[in-house]
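Biologist: I am new to this structure. Please show me how to read its features, one at a time.

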Amino acid sequence: MTRGKQKIDAQRRNAERNQKQKGSQLEARAVALKANCPICKVQLANAKQLGDHYASKHPKENPPAEAE
């Protein structure tokens, strides 16, 4: 068992650990994901990933011009 100062310090550390993070992950995700697949509407980070996505998920389709 903890007593006195140890208990107060432990409670403070637990409270800091359990606080919610400030800021929205959705906002950060929207900034990072810039390319969209027009077929399945998945969001990707860049044109290279879009090209790779087309190769694996839509092999019969041609990727958009900026993905090449």
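Biologist: Which residues does the UniProt annotation "domain: C2H2-type" cover?

Modeller: UniProt positions are given in the numbering used here, feature names are shortened, and annotations may be inferred rather than shown by experiment. In this unreviewed entry, the annotation covers residues 37–58. This is a predicted model, where local features need pLDDT of at least 70, side-chain atom pairs count only at pLDDT 80 or more, and totals for chains, interfaces and linings use all residues. Residues are numbered from 1 along each chain as its sequence is written, and side-chain values use heavy atoms, with hydrogens and water left out.

Biologist: How much of residues 37–58 is helix, and how much is strand?

Modeller: Helices (H or I, at least four residues) and strands (E, at least two) are DSSP runs, numbered from the N terminus. Here the span is 50% helix and 9% strand. Its end C-alpha atoms lie 10 Å apart. Helix α3 takes in residues 47–57, including Asp52.

Biologist: Is Asp52 buried, partly exposed or exposed?

Modeller: Buried means under 20% relative accessible area, exposed over 50%, partly exposed in between (1.4 Å probe, protein chains only). Asp52 has 45%, so it counts as partly exposed. Its C-alpha is 9.2 Å from that of Pro63, eleven residues away in sequence.

Biologist: How many disulfides does a search of the whole structure find?

Modeller: A disulfide is a pair of cysteine sulfur atoms within 2.5 Å. The search finds zero. Cys37 is in none; its nearest cysteine sulfur belongs to Cys40, 3.6 Å away.
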